[in-house]
Amino acid sequence: MTGDTCRVVVQLFESETIVGRGRRKVTYLVRVNDAWVAASVHPGAVIERLSAAPGTVWEHRVELLLPVGSRLCRVESTPLAEPARDALAYLTDERRSPRRATRRRELVVDRRGDLVDAPARR
C-alpha cells in the first residue's frame, strides 16, 4: 500500500421479519465525518434484493467499500411485550402500533472486512 487508506469490501444484511407482536427490523448506519448515514444510501453502496424466506417481509445485502477502522452501527428494532391490562383499557388505548425496543451495537471494520465490536470510548 502507498500511504492510501486500506479499503475492504463489507457486506451487510438488512431485513424485516415477522415476530411475535409485530416485525423485527435490522438496519445499519455508517459513520461519515460527524454523522450517521444509512448504509443503503451511503455513496457507492451496491444493494441486492434477496429472495424473502417464509416469515421475511424483505431482505437485502448492502455491499460497501470502506476504510479499515470505519465505524458502523447495527440497529435492531423489535416490538415490546404489552403489559397486562383490562379490556376497557385495551379498547380505549389510542396507540396504533406496539411499543418498540431498539438496540444499537457499534462496530468497526477490521482488515478482513469483518465487523468487530468497537472499542469502548473514553
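Reader: What counts as a salt bridge here?
Author: A salt bridge is a side-chain nitrogen of Lys or Arg within 4 Å of a carboxyl oxygen of Asp or Glu. The model is predicted, so local features need pLDDT of at least 70 and side-chain atom pairs pLDDT 80 or more, while totals for chains, interfaces and linings use all residues. Residues are numbered from 1 along each chain as its sequence is written, and side-chain values use heavy atoms, with hydrogens and water left out.

Reader: How many salt bridges by that rule?
Author: The count is eight.

Reader: What does Asp-114 pair with?
Author: Asp-114 forms a salt bridge with Arg-112, with 2.7 Å between the closest N and O atoms. Asp-114 is partly exposed at 31% relative accessible area, and Arg-112 is exposed at 69% (buried is under 20%, exposed over 50%, partly exposed in between, with a 1.4 Å probe and protein chains only).

Reader: Which residues are joined into one network?
Author: Arg-24, Arg-74, Glu-76 and Arg-103, through salt bridges that share partners.

Reader: How far apart are the closest N and O atoms of Arg-24 and Glu-76?
Author: They are 2.9 Å apart, in a salt bridge. Arg-24 sits in strand 2 (residues 22-32) and Glu-76 in strand 6 (residues 71-79), 52 residues apart. Strands are DSSP runs of E, at least two residues, numbered from the N terminus.

Reader: Is Glu-76 buried or exposed?
Author: Glu-76 is buried, at 12%; Arg-24 is partly exposed, at 24%.

Reader: Changing topic: what does Asp-117 meet?
Author: Arg-105, in a salt bridge of 2.8 Å, N to O. Asp-117 is in strand 8 (residues 115-117) and Arg-105 in strand 7 (residues 100-109), so the pair ties together parts 12 residues apart in sequence.

Terms used. Helix = DSSP H or I, 4+ residues; strand = E, 2+ residues; numbered from the N terminus.
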